[in-house]
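Biologist: Could you take me through this structure slowly, and tell me what stands behind each word you use?

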Amino acid sequence: MSSSDGGPSSASASASPPRRLVFAFYLTGHGFGHATRAIEVVRHLIAAGHEVHVSTAVPEFVFTAELRSPRVHVRKVLLDCGAVQSDPLTVDPLASLEKYHQTAVVPRESILKTEAEWLGAVKADLVVSDVVPVVCRAAADAGIRSVCIGNFSWDYIYAEYIVAAGYHHRSIVWQIAEDYSHCEILLRLPGYCPMPAFRDVTDVPLVVRGLHKSRSEVRKDLGIAENAKVVIFNFGGQPAGWKLKQEWLPDGWICLVCGASDSQELPPNFIKLAKDTYTPDVMAASDCMLGKVGYGTASEALAYKLPFVFVRRDYFNEEPFLRNLLEHYQNSIEMIRRDFLSGHWKPYLLRALTLQPCYDGPINGGQVAARTLQDIAVGKKCVSDKFNGARRLQDAIVLGYQLQRTPGKDVEIPDWYSLSAPEIGAHPILENIEKEGSAESCCENFEILHGDLQGLTDTMTFFKSLSGLAGSEFKNSEVQSRERTAASVLFDWEREIYIARAPGRLDVMGGIADYSGSLVLQLPLREACHVAIQRNHPSKQKLWKHAQARQLEKEGVVPVVQIVSFGSDLSHRAPTFDMDLSDFMDGDKPISYEKARRFFCQDPSQKWAAYVAGTILILMTELGVQFADSMSILVSSAVPEGKGVSSSASVEVATMSAIAAAYGLNITPRDLALLCQKVENHVVGAPCGVMDQMTSACGEANKLLAMLCQPAEVKELVTIPNHMRFWGLDSGIRHSVGGGDYGSVRIGTYMGRKMIKCAASDIVLVSSASDASARSNDYKENGRDVLSSEASMEYLCNLPPHRYEAAYSKDIPEIITGDAFLEKYGDHNDMVTVIDPKRSYSVKAPTRHPIYENFRVETFKALLTAANTDEQLAALGELMYQCHYSYNACGLGSDGTDRLVNLVQEMQHRKTREDGSPSLFGAKITGGGSGGSVCVIGKNCLESTEEIAEIQQRYKAATGYQPILFDGSSPGAGKFGHLKIRWRRPSSPIA
């Protein structure tokens, strides 16, 4: 391929190099994709007569096999660790952060000293980094200029890991960004992520390895006929114990396997490629590729117009941007991981042949990058275009967008985010798929057969989204997200669709005391989840192509559930899920919850489907419902995940409500909430209480749901007095009730309950066996009935604080190991948690919390009806502060929520000093704690709203994160009911 057509060339970086230059090229050890593109840049630098020292943890043979020159020197050194994978498709975010800490943070000073000295020793003219952070700082220390090249940077990648798993490692991101700021310029590759840390940016074309052999030559060498269909399996690591099978390929196809081990046995239609096979040649000789999306595979698939069937990876945060690039040029389709692992490949491979890849941009990025590096090394200033500052601002905005995203927005990356230079094959500017027109007019496209919109603007917006799927504007739009493409063929628009809506909730008081039987006060939020469902006879169900193929293999029509989740791609979830309903059956009975949990855990990117499809299994198991029809389900949630506002409960309640409506099941809101709790406890495996589901199902707008969690008794719907108001502020720290802290505190609480019951039982037994004179003081004072009641206590919150302090507090240990507890007390009698014998559990604080929290909630509820005074608000606020610090004592606090509560206190005390009349009076962490949101109480006035805005700004100034504000309320699923709709056919024109 000649350089005249934009392909890789052997031409040097410059026709007449000024002098021999020395480049120190640092390369991350994160996959071979970085190495292959680095090789292409180094090749051109060598051709120009320069010397290159490569420092990397990548094996030396990767370079020496392609770069046979005395001017290339490979030095083995580990300066970053990339991403730690728990399997070939999944990154472990916390392990990645911890390994980076050990690799680059702990020895940082030694690294800086060693690298600065080494750079001086080799007399480097320029440091090039792809994209090792610390070397930019080392270069600056050595007085040498540095340049980065890449499509992502580690501050962006690790920022998401911190949100997901490791907030205590957040200083890593700031250090990486500071290191990158010492870099003179970034050579940015197509398919890039936001990289705001770099001061200056210039864009280069795709870096692609050139071809050595023609298609015919490659096929002849491999003994493959010219007309044979060939797929290259370019996976870079296969699941352990995995066997490829002959029947996985369409008849007559051949699969070329890269990276197979010497011991791996392959079927006759699979060919093992030699380890030194030049992959680009084989790719260009194939009809399609099956693999994982990375820069190397994506760029070469684009360059050689090779249809790419990809399998999604978890927490590979650069992947959505590369997928966008591939999809824009009609170059890829996604294979569901479950189908990949089970060998259900045929429909995807056959569909890949129908793609028409159309990338026609330049692919000489290696040559362009080498020439740019040479110019910078000799002192020439690399000129970036006049929009560089705006680009950097865009990157900063998009980085914030990604980290603060709200599910329910049916975009992957903001519409306006694109490369500024379309001539280099950049991201396209996506068209907005929703045309002008009000939500109200879109509602007119549907006939509402049952129910009422109730004036809810979010429901009108959901109608608008449905209208966009059904209407001609979708079909006429060229660029669509995968989730909307899948959703557009989900429903038969001639048939009825059922819609349910369930809000998130703000935990005003009660929180984690719910599973101990406390009274709780919960406010349904304005933000809600909408679920649309349609049932069809299996023979009439519209199926996605891979589901159709699965049906054909089974030689029969079976009920199928197909689910699309809007906004899923921004949360590292696959946008679709499908399964045969027969997968939920074990003979003539539903499968066990344990089997279901394992089923949904097979593919982490589809684990979210447990919240949706799990409702079906619960209805089958608990109510004996038999589902003979297929189901199509669309989920669109505006309740942010990980904010402690019950996003999961809203999905469960909305889904089950929609299914109940579609199948004519008469389930009361209370019973529905209890069933949804079983979804979370038994199918998802999160040990939550029931208050989230109860609020989502039974709540009413602008009223606090007062519920006694024994197990779920709605005591009252308390109208919020007009003079007060509640807000939620998100700390930006991801919360999960499936996390370790929440579960261990729950275990500690149940341990404390068991200890109290045993202590009470012992007193009763000892006193009964003794004569009256020998009976304990406690027995004399309180009598047998009180102690007997405490010995058989089901809910810890039924123990009054004074009884706890008088009889039991002194004997409850601060901490106990799991094995010590099990040896002395046996089980802790909690069905949804398991004690780890090797772990230590805090007991005293988790035991004390629900006992006092129940008292605080009862007092709070009583005070709501007191006179409208500052004293009333101050007393309510004090109860919230006490709750907050009790959470902290349990180990469920966080820096972010503490900072927000402290800001509320500062605002309150400042106003008290200034004029004696504050507007904000209290705040507390909510829900399961360990991050998430805080609830704030204040006066219902303009001044308090301004102070909330000031808190948001001060928090952002301190942390860089703008808290999401939850303000407003809406009805629960029971009050909303359901909608039954049908697409309204356009009227025929009158002749």
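Modeller: Let's start with Arg899, which is partly exposed because its relative accessible area is 39%, and the term covers what falls between buried (under 20%) and exposed (over 50%), with a 1.4 Å probe and protein chains only.

Biologist: Before we go on, what kind of model is this?

Modeller: This is a predicted model, where local features need pLDDT of at least 70, side-chain atom pairs count only at pLDDT 80 or more, and totals for chains, interfaces and linings use all residues. Residues are numbered from 1 along each chain as its sequence is written, and side-chain values use heavy atoms, with hydrogens and water left out.

Biologist: How do you know how confident the predictor is?

Modeller: From pLDDT, its confidence in each residue, from 0 to 100. The protein chain averages 86, and 86% of the residues score at least 70. Over residues 401-438, though, pLDDT stays under 50.

Biologist: Back to Arg899: where does it lie, and what is it in contact with?

Modeller: Arg899 lies in helix H32 (residues 895-915); helices here are DSSP runs of H or I with at least four residues, strands are E runs with at least two, and both are numbered from the N terminus. Contact means heavy atoms within 4.5 Å. Leaving aside neighbours within four places in sequence, Arg899 is in contact with Tyr955, Ala958 and Thr959.

Biologist: And Thr56, why is it called buried?

Modeller: Thr56 has a relative accessible area of 1%, which is why it counts as buried. You'll find Thr56 in strand S2 (residues 51-56).

Biologist: What makes a set of residues a nonpolar core?

Modeller: They are buried Ala, Val, Leu, Ile, Met, Phe, Trp, Tyr and Cys residues joined through side-chain atoms within 4.5 Å. The largest one here has 64 residues, and Phe23, Phe25 and Leu373 have the most contacts inside it. Helix H1 (residues 33-47) gives the most to this core, with seven residues. A second, separate core of 63 residues includes Ala596, Leu619, Met694 and Ala973.

Biologist: How many aromatic pairs are there, and why is the one between Tyr180 and Phe198 called tilted?

Modeller: A search of the whole structure finds 28. Rings of Phe, Tyr and Trp (its six-membered ring) pair if their centres lie within 6.5 Å; planes under 30 degrees apart are stacked, over 60 edge-to-face, and the rest tilted. Tyr180 and Phe198 have ring centres 4.8 Å apart and planes at 35°, so the pair is tilted. Tyr180 is buried because its relative accessibility is 0%, and Phe198 is buried too because its value is 1%.
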